[in-house]
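This report examines selected features of one protein chain. Please look at the sequence and the structure before reading on.

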Amino acid sequence: MRLFLILFFIFCCYSGYAQQTTVEVNGTVMNEEEGEPVEQATIRLLNQTDSAFIQGTTSSSQGSFSLKKVRPGSYILHITYLGLSPFYKEIQAGQQNLELGTISLQPGSIELEGAVVTAKAPDIVVRNDTIEYHADAYKVTEGAVLEDLLKRLPGVEVDKDGKITINGKEISKILVDGKEFFSSDPKTAAQNLPADMVEKIQTYEKKSDKASQTGFDDGNEENVINLTIKPEKRGGWFGNAHAGYGSEDRYEGNAIVNRFAGNDILSVTGNMNNANGRGVNDAGVGMGRSYGGTGLSTTGNVSTSFNKEFNPELSLNGDARFDHHHTEYSHKSHTENILLADSSTFENQSSQSKNSSKSTGAGVRIEWKPDTLTSIYIRPDFNYSWNESLSRSERYLYDNQEQAINQTQQMNQSNGHSQTAGGFAQFNRIMNSKGRVLNISLSGRMNYSTEDGTNNSLTEYFLRTDDIDKEELDQVFHNNTEGKNLDANISWVEPLGKNYFIQAEYNFQYNKQDALRNTYTKDEKQTYSLLDSAYSRSTQTLTSAHRAHISFRAQKEKYNYQIGVSIDPSYNNSYTFVGDSTLSYISYHTVNYSPNGYFMYRWNTRSNLRISYRGSSNQPPIHYRQAIPEIVNPTLTRIGNPDLKPSYRSTLALTFHHFIPEKQQVFMVSMDWQYVANDITNKTEYSDDGSGNRVTTYGNVNGNYHVNGRLMLNTPLKNRKFLLNSHTTVSYNNRNGFINTEKSNSKYSLSTRWQASLSGLSGSMWE
């Protein structure tokens with residue numbers, strides 16, 4: 001580790017002396033019809049891979065423009081001006097300044113007898129893997145937020161909890177001009193940003209920071225939305241607010257204030273309601289949480305997100321929040337458990353709960369590029385949360401003859417807090433112009449939580465064959481969890497002639513988790529001082545894992561592909577103890593092999609096909625292997641299976657895009673297939689003493705797979721005044737499991753769904 005840090009420091013210091021190789025991209029914008037320069041035209045430089053915004057400027061009174069400090073690479077030049085048709089050009093920045101000369105813009109409107117009819121911009125544009133929607137083509141009501149606009153886009157779904165999916169893929173982030181906005185919290189932007197500030201909505205699969213720098217896919221991509229803000233919205237303050245009050249003293253208020261100035265962003269948003277409103281988000285910074293979407297909730301929160309670009313080499317991006325949440329929840333259920341062909345049990349259950357929580361957290365992202373060959377990313381974050389809960393439940397079990405088997409009444413109360421802090425640092429250095437790259441990253445995290453509470457229950461047995469007809473619990477518990485983990489990674493990319501590359505990578509992970517769970521009952525003095533060994537379990541787990549990976553990549557004009565394989569040895573040690581007594585010690589060593597690869601073919605900028613495969617081996621949690629009974633409650637006991645095998649997951653995905661701009665037709669079809677060998681599932685066995693008690697363990701099954709298919713077709717109708725947006729999904733599952741330790745199988749189609757919308761097209765381009 002000391003050598004690792006020394007190397008990291010040497011490269012950081014060396015980068016300060018690196019030669020500056022930024023270039024300028026210059027040109028002049030002219031109005032082709034009038035033969036005059038165009039002043040104040042908007043010039044944008046976009047990443048050719050994902051159309052992300054790089055930098056921008058406006059043309060001078062002479063029509064000239066200059067984009068400074070452009071790093072070598074492939075870009076798209078985008079020029080727009082009101083009344084003129086937009087201009088796109090793919091450019092390649094090298095080691096010398098790029099002179100584009102005169103760029104002529106075509107007229108975008110026709111003047112007839114004093115009336116101006118403006119051509120309508122394309123509703124959808126597809127560039128490689130990026131789908132771009134023109135926001136003004138999808139009408140929303142005045143005062144609408146981004147979420148209202150997203151719901152109108154073809155292939156986009158927003159569920160009742162605010163989760164956004166596009167063509168079946170969940171969106172994990174929303175970016176504003178390529179910069180993160182409210183961290184990994186797309187709900188905040190979607191539910192608060194005004195829709196009328198958005199010019200374009202781009203959706204694509206964003207690579208990880210490491211993959212973007214090295215060019216090698218590492219399987220850590222995420223689906224994102226990038227918003228392009230209208231030029232007139234880039235200056236001054238703006239925002240919106242709304243409030244409401246209803247019957248039964250229900251209220252809701254929401255507000256957001258934004259400051260957009262060039263590439264600098266400041267947003268502050270707040271929410272308060274007791275009407276089950278989602279507010280800005282249900283997840284804390286740096287530590288994911290979910291309150292769920294049921295029950296009666298009161299929520300309040302305030303959060304801020306900012307981006308400050310000090311210069312093209314240094315930028316600071318981050319967010320912070322505070323929120324509180326209170327939920328009251330009631331639930332009733334009726335369940336039939338099919339044990340054998342001629343027997344079943346039936347279960348009626350009801351529960352009530354109250355939960356209150358508070359959380360605060362912040363995260364910062366620092367991006368520093370001291371020269372065109374070096375980039376450094378630093379991302380620290382922290383979160384603190386507090387929680388209090390109270391729950392009551394009743395469970396009544398009876399057989400198919402309506403004879404009562406057992407009945408349980410239970411009440412639990414707890415309060416606790418947790419805190420996490422961690423960070424990520426990455427150093428990337430381009431060693432030469434042929435594609436040699438060094439990438440080093442280091443991350444770590446610490447977490448601590450504590451919980452105290454009481455557990456009271458009464459279980460009555462009606463058919464039990466022994467002398468026990470009742471069990472009563474009166475307990476207090478103290479739980480503490482502490483964890484530390486470290487992840488270090490180094491990779492080297494070496495060019496092998498023209499358009500061929502090989503990557504060698506090494507990764508080390510270390511994880512330590514201590515979980516103390518102590519439960520006490522009353523002594524003769526009626527104080528809770530007796531350790532209840534049946535309900536107390538403490539564990540200490542140490543895991544170290546190594547990963548050696550090698551990949552080969554080919555980059556051609558029409559296609560590119562990558563193939564690779566990982567070897568992952570790991571070492572696991574786990575102690576289970578109660579008080580000073582060790583119950584078990586497990587130590588084992590495993591070696592996993594994980595192949596991966598992808599292939600992409602581009603017929604042209606309109607059509608492309610991508611096929612990917614990834615295999616991964618997953619070890620079961622340590623406690624799944626521990627053959628020690630763990631009493632969850634008087635009627636349920638869990639026990640591990642020391643013979644449990646790791647599962648192996650194979651995933652194959654295919655996506656085809658086709659775009660016909662002159663007809664404004666978009667066609668997309670995708671399919672993914674997933675097969676799991678040695679899938680890990682629960683095995684539950686009911687006791688034969690008439691008590692109705694259950695023992696759950698774990699087992700491996702084969703043959704589990706599912707297939708998902710998606711089809712999107714967007715096309716104007718024959719008269720070209722209406723646009724048909726259609727989205728079809730089909731899903732099939734084959735699931736093997738256990739019923740009362742016997743293997744079972746279920747085959748079912750989760751969904752076969754087609755949805756379509758019809759919208760009118762404004763403007764005269766269709767006349």
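## Serine 305

Is serine 305 buried or exposed? The model under discussion is predicted. In this model, serine 305 has a relative accessible area of 1%, and it is therefore buried, since that term applies under 20%.

Serine 305 belongs to strand β23, which covers residues 296-311. Its side chain reaches the backbone nitrogen of phenylalanine 182 at 3.0 Å. When neighbours within four places in sequence are left aside, serine 305 is in contact with Glu180, Phe181, Phe182, Ile265, Leu266, Ser267, Gly318 and Asp319.

Strands of a sheet pair through backbone hydrogen bonds, in either a parallel or an antiparallel sense.

Between β13 and strand β14 (residues 164-166), the antiparallel pairing extends over 3 bridges. Glutamate 157 has threonine 165 in β14 as its bridge partner.

## Aromatic pairs

A pair of aromatic rings is described by the distance of the centres and the angle of the planes. The structure holds 14 aromatic pairs. One of them joins phenylalanine 552 and tyrosine 561, at 6.2 Å centre to centre and with 45° between the planes, and this pair is tilted. Phenylalanine 552 is partly exposed, with a relative accessible area of 23%, and tyrosine 561 is likewise partly exposed, at 24%. Both residues belong to one aromatic cluster, formed by Tyr500, Phe552, Tyr559, Tyr561 and Phe599.

Why is the pair of tryptophan 603 and phenylalanine 656 edge-to-face? The ring centres are 5.8 Å apart and the planes stand at 85°, so the pair is classed as edge-to-face; an angle over 60 degrees is required for this class. The pair links distant parts of the chain, 53 residues apart. Tryptophan 603 lies in the loop between β34 (581-602) and β35 (607-618), whereas phenylalanine 656 lies in strand β38 (residues 647-660). Tryptophan 603 counts as partly exposed at 38% relative accessibility, and phenylalanine 656 is partly exposed with a relative accessible area of 21%.

How values were computed
Residues are numbered from 1 along each chain as its sequence is written. This is a predicted model: local features need pLDDT of at least 70, side-chain atom pairs count only at pLDDT 80 or more; totals for chains, interfaces and linings use all residues. Side-chain values use heavy atoms; hydrogens and water are left out. Helices (H or I, at least four residues) and strands (E, at least two) are DSSP runs, numbered from the N terminus. Buried means under 20% relative accessible area, exposed over 50%, partly exposed in between (1.4 Å probe, protein chains only). A polar contact is a pair of N or O atoms within 3.5 Å; within protein, one must be able to donate a hydrogen and the other to accept it, and residues adjacent in sequence count only if both atoms are side-chain atoms. Contact means heavy atoms within 4.5 Å. Two strands pair if DSSP finds at least two bridges between them. Rings of Phe, Tyr and Trp (its six-membered ring) pair if their centres lie within 6.5 Å; planes under 30 degrees apart count as stacked, over 60 as edge-to-face and the rest as tilted.
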